[in-house]
Amino acid sequence: MADLRDLYQEVILDHDRAPRNFRTLAHPTRRAEGINPLCGDRVTVEIEVEDAVVRDIAFQGSGCAISKASASMMTASLKGKSLAEVEAAFERFHRMLTASAPPADVESLGKLAAFAGVREFPSRIKCATLPWHALRSALMGTGASVSTE
Amino acid sequence: MTISAPSPRGHALAFDAARVRKDFPILGQDVRGKPLVYLDSAATTQKPAAVIDALAAYYLTDNANVHRGVHLLSERATEAYEGARRRVQRFLNAAHAHEIVFVRGTTEGINLVAQTYGQTSIGPGDEIVITALEHHSNIVPWQMRCQASGARLRVVPIDDAGEVDLDAYERLLGERTKLVAAAHVSNALGTVVPIETMIALAHRRHIPVLVDGAQAVAHMRVDVRSLDCDFYTFSGHKVFGPTGIGVLYGKTERLEPLPPWQGGGDMIKSVSFERTLYNDLPHRLEAGTPHIAGAIGLGAALDYLEGLDLERVAAYEEALLAYGTAALQAAPDVRLVGTARHKASVLSFVVDGVHAHDVGTILDREGIAVRTGHHCAMPVMTRFGVPATVRASLACYNTRDDIDALVRGLEVVREVFR
C-alpha cells in the first residue's frame, strides 16, 4: 500500500477525478494526438500559441489515472509559459521518469514532481509521458499522431 | 482444494487442483512479497515440469536436425518430432498425421490459410465472414487478403451478452462467401461460440470454415472430425506448451490443393534451377528447420493435459468460473463484460471510476497477475463502449483461493481510489 501511495499521490488522484483544462480550444494554433497502442489510451492536446507564449492549452481523450492526471497537470503548469520554458519542462519531466538516475533538480518541476514515483512502475512510465509527447508533436508543428510504441 | 462437479456422464468427479499446482514449479513463488496469483492464462499458460523436462531432455540427449541425417541423433530427433505430430493428431482426433502442420502459433496458422487458400480461392467480389468477437489475428490477415484480392470482409454481430447472432450469421452466408473464420472461444469475453452450428450452416452452402482454437484447447475436448471444421489452429503456449510452436490442422482435401507457402528446405522433393518438385503434406507447408524442441514440448504438454482428463478439467473450470462470476457480481463497483450463457476461462470486467490499467497495477502489487487493456480485440471493446477491461483468466491450476485473492485485491483498488 505504501508504494502504491508513491504512485497514486493525492494530487494525482485529484487531477484524475477532476481534470483541469479538459476541453477543446476555440482557436488552437497547434494540435496533436498521442496514443498508446498497448492499452488504447489516447490524448489530444491543443495549444494556442501567440508570440512564442502558450496562451491557452487543453486536452481531451481517455486513459488511466496516470495519463489523465499527467495531461491535466501538464496543461495547468504550462499556461502562460514561453515555448523555451515548455521545452525545458519537457526535458526535465522526461529525465525525471526515464534517466538512469533521477535528476537532482526534480523540485524545479513543482507539482509535476508528484510523478517521480512513476519511475518505480516501469510499465506505467509511458502513461505519464504520453501527453508530453503529444504536446511536443504539436509544438514541433508536425501535428502527427505520436505513439508510445 | 477439491471441487466436485457433475461430469457430462452425470458422475461426480473430483479434481485435485492443489496437486495439479505442484506440477507447475513457477506457481510456488512469491512476487512482490506475496504468493503469486496467476490469472493470465488466456495470455499464456504456465508450463508443467513435464514440459520443461521434455525440452531439457531433447537438448541434453537428442538434439539434431530432422528429416535429413543418417546419424542416430537425427533419427531420434526425427522420431520425436514426428511423434509429436502424431500426438497432436490424437489430441484433435484428426484422421491423418499429415493433416497436422506445425506453425509458430495461431497467428501464423491463420496467415498461412489467408495467404494460400486466400490466394487461390478468394477473388474480387468474394466475401469472408468473421465474427465481432475475433482477436486481431483473425481480423487483420483477412483484411490484408481483402485488400489484395478485392474481396469483402463481413462481420457477424454479437449481442450485449457477447453471444454471436446466429440469425445474422445465416443471413450473411451467401453465394460469394468463400470462407468463414471464427474463434472457438473469445479471448476478450470468454464466450464459447456455437462453432458446431456455424460449421454445419456454412457446410450447407459448401463454405469451408477455419476455427481459431487458441482459447479453447486448454479448456475443453476438441474433436476436429466431430466438429467437421476444415481448418483448426491453436498455439502451443496457451495449452501448457512452449511459445513459438503451434498447429494448423486441415482436412486432407483442404490442404492438398494449397499452393506452397514459404519456400526453402524440407518443403521440396528436388530442386534444380529450372524446376522444383514440392514435397508431400505436411512438409510442403513447413519450410526450413522447424521448432523441433517446441513440437516435442507441445507433445509433452498434450500428454500432461490428457493425463488430467479433459472432461474433468472442463467440469472443474466450469465450476470455478461460476464461483468467480458470482464473486465478481457481488463485488461493489464491478461490472462483468461478457455474460454469455456458455463461457470458458475468462472473467473480463471494469471497475466503476477506475481505469483498467490502474486496477492492473494495484493488483500486481498484491501479487496478482491479470491482463488489462483491449486484449487485441479493439472492436470488442468498441462494441461494449469501454476503452479497456481487466481480464482474469483461469486454467486448471487455479483455485477458489485465487478468486478470493482477486476479490481482496479489488478492495485495495477501492481503498487507493476511495
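The structure is a predicted model, in which local features need pLDDT of at least 70 and side-chain atom pairs count only at pLDDT 80 or more, while totals for chains, interfaces and linings use all residues. Residues are numbered from 1 along each chain as its sequence is written, and chains are lettered from A and ligands numbered from 1 in the order in which they are written.

Chain A has five helices and four strands (DSSP runs, numbered from the N terminus: H or I of at least four residues for helices, E of at least two for strands). Along the sequence these follow the pattern α-α-β-β-β-α-α-α-β. The radius of gyration of chain A, 14 Å, is close to the 15 Å that the globule rule gives for 149 residues, so the chain is as compact as a globular protein of that length; the radius is taken over C-alpha atoms, and the rule is 2.2 Å times the number of residues to the power 0.38. Of the 149 residues of chain A, 41% count as buried (20 or more other C-beta atoms within 10 Å of the residue's own; exposed means 12 or fewer, and partly exposed lies in between, with C-beta atoms placed from the backbone).

In chain B, strand E16 (residues 346-351) has six of its six residues buried, so it is largely enclosed by the rest of the structure. Val346(B), Ser348(B) and Val350(B) cover one side, and Leu347(B), Phe349(B) and Val351(B) the other. E16(B) pairs in the antiparallel sense with strand E15 (residues 334-336) over three bridges (pairing requires at least two DSSP bridges), and Leu336(B) stands opposite Phe349(B). Four bridges join E16(B) to strand E19 (residues 389-393), also antiparallel, with Val346(B) opposite Ser393(B).

Helix H14 (residues 400-416) of chain B is next. Its buried residues are Asp402(B), Ile403(B), Ala405(B), Leu406(B), Gly409(B), Leu410(B) and Val413(B). Seen down the axis of H14(B), they fall within an arc of 155°, so they line one face of the helix (the arc is that of the directions from the helix axis to the C-beta atoms). The face turned away from this side carries the exposed Glu411(B) and Glu415(B).

Turning to the interface, 16 residues of chain B are in contact with 15 residues of chain A (C-beta atoms, placed from the backbone, within 7 Å). Helix H12 (356-365), strand E18 (371-373), helix H13 (378-383) and H14 of chain B each give two or more residues to this side, and the largest share, five residues, comes from H12(B).

How values were computed
Contact = placed C-beta atoms within 7 Å.
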